[in-house]
Amino acid sequence: MVYLLIEFLDELVFGIGETAWPLIRTDLQFTYTQIGLLMSLPGIIAAFIEPFLGILGDVWKRRLLILGGGIFFVISLALTAISNSFLPLLISFIIFNPASGAFVSLSQAALMDSAPDRHAQNMARWTFAGSVGNVLGPLLLGLFVYFGLGWRGAYAML
């Protein structure tokens, strides 16, 4: 169940983050070039880091890597909530992407390894948990905006 909650949380963050772009852009007065860098550079950097985390998760202490990914996941969310300019937000997203990879991808691997004869059922549960998080993210952000807490409040809550 913990692994499914991790997937739910990751997709909840994704749902809020993708919906919050107009709010972030307006609040921090970013250019479209800055938004483009925030959306692309962290993923490019993570593409070089995450394969090593995946291999390490197969040959070393996977649970420790999941825990470390979770800690950096939370740190990046807190940094996102308090970011007031481009550079801190970029650093936050650069931390977030590989942290999410370690936290979520290795959790998925651990879930699959926990019951090798139930891969199909566990993948269906995994997909369902992620879908619920992805749908609830924008709704949650809408509630935070409605109550005057904005995108920062949503990230702080996460």
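Student: Quick one to begin with: where is the place of valine 59?
Tutor: In this predicted model, valine 59 has its place in helix H2.

Student: And which residues form the nonpolar patch on the surface?
Tutor: Val59 belongs to that patch, together with Ile55, Leu56, Trp60, Leu64, Leu67, Ile71, Phe72 and Ile75, and the accessible area of these residues together is about 890 Å².

Student: Which helices each supply at least two residues of it?
Tutor: Those are helix H2, which covers 32-59, and helix H3, which covers 62-82, with the largest share, five residues, coming from H3.

Student: Changing topic, how do the axes of H4 and H5 cross?
Tutor: The axes of helix H4 (residues 86-114) and helix H5 (residues 119-146) cross at roughly 145 degrees and come within 9 Å, and the crossing is right-handed.

Student: Which residues make the contact there?
Tutor: From H4 there are Val104, Ser107, Gln108, Leu111 and Met112, and these meet His119, Asn122, Met123 and Trp126 of H5; sorted by class, the contact has five nonpolar and four polar residues, with no charged ones.

Student: OK, salt bridges: how many in the whole structure?
Tutor: The search finds three salt bridges, and one of them joins the side chains of arginine 152 and aspartate 27, at 3.3 Å from N to O.

Student: Why does that pair tie together parts that are apart in sequence?
Tutor: Because arginine 152 lies in helix H6 (residues 150-157) while aspartate 27 lies in helix H1 (residues 2-28), the pair links parts 125 residues apart in sequence.

How values were computed
Residues numbered from 1 in each chain as written. Predicted model: local features only at pLDDT ≥ 70, side-chain atom pairs only at ≥ 80, totals over all residues. Heavy atoms only, no water. Axes fitted to C-alpha atoms, helices over the stretch in contact; angles between N-to-C directions. Helix = DSSP H or I, 4+ residues; strand = E, 2+ residues; numbered from the N terminus. Left-handed = near helix turned anticlockwise from the far one by under 90°. Contact = heavy atoms within 4.5 Å. Nonpolar A, V, L, I, M, F, W, Y, C, P; charged D, E, K, R; others polar. Patch = residues over 30% accessible without salt bridge, like charges linked within 9 Å, V, L, I, M, F, W, Y side chains within 5 Å. Areas by Shrake-Rupley, 256 points an atom, 1.4 Å probe, with all protein chains shown as cover. Salt bridge = Lys/Arg side-chain N within 4 Å of Asp/Glu carboxyl O.
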